[in-house]
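Here is a short briefing to keep beside you as you look through the model.

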Amino acid sequence: MSGAGGARRSTAANRVAPSPTEASQPAFAEAALLGLCPDCGARSLFNGVVRFADTCDSCGLDYAGYNVGDGPAALLIMLVGGIVVTGAVSLQLAQHPPFWVHILLWVPLSTVLVVGLLRVAKAALLISEHRRQARDGRIER
């Protein structure tokens, strides 16, 4: 015996075929990194650096219906802040550079990290909302 006593084997008979819309959707990581529409895969999620477009140019998906909010920004400020402070303190203790070196190094690095990661985090949250069909709560009366 193989030791996998009750394990089920994956066969063609017990696999569930993806729905047509799931089959055409891009992979989660790829869609978040490249700003792809979560429905059709077109590069139409953003209308600026970190601003969502109103709708997808290809399939017409309305991005305005998703509530991404400020969660990604708050998380990234904390994460990038921790990385930058740790790096600045480590550099200061190891090399004792002048203050202007810190400004030239950490201000641009912080800006690039926050803006770059904010784009990915916002896209990931919108794609996650779309795939789970998350909507605002409503009280039925």
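In this predicted model, helix H3 (residues 71-95) and helix H4 (residues 99-131) have axes that come within 9 Å and cross at roughly 155 degrees. An angle over 145 degrees counts as roughly antiparallel, so H3 and H4 are roughly antiparallel to each other. Their crossing is right-handed.

**Where H3 meets H4**

- On the H3 side, the contact is made by Pro-72, Ala-73, Leu-76, Val-80, Val-84, Gly-87, Ala-88, Leu-91 and Gln-92.
- H4 answers with His-102, Leu-105, Trp-106, Ser-110, Leu-113, Val-114, Leu-117, Leu-118, Ala-121, Lys-122 and Leu-125.
- Sorted by class, the residues in this contact are 15 nonpolar, four polar and one charged.

**The fold as a whole**

- If you trace the protein chain from the N terminus, its elements run α-α-α-α.
- That gives four helices and zero strands for the protein chain.
- Among contacts in the protein chain with a separation of 6 or more, 50% join residues 24 or more positions apart.

**Burial and surface**

- The protein chain has 141 residues, and 27% of them are buried.
- Its accessible surface comes to about 9900 Å².
- Carbon and sulfur atoms hold 61% of that accessible surface.

Technical notes
Residues numbered from 1 in each chain as written. Predicted model: local features only at pLDDT ≥ 70, side-chain atom pairs only at ≥ 80, totals over all residues. Heavy atoms only, no water. Helix = DSSP H or I, 4+ residues; strand = E, 2+ residues; numbered from the N terminus. Buried < 20%, exposed > 50% of the residue type's maximum accessible area, 1.4 Å probe, protein only. Contact = heavy atoms within 4.5 Å. Areas by Shrake-Rupley, 256 points an atom, 1.4 Å probe, with all protein chains shown as cover. Axes fitted to C-alpha atoms, helices over the stretch in contact; angles between N-to-C directions. Parallel < 35°, antiparallel > 145°, perpendicular 65-115°, else oblique. Left-handed = near helix turned anticlockwise from the far one by under 90°. Nonpolar A, V, L, I, M, F, W, Y, C, P; charged D, E, K, R; others polar.
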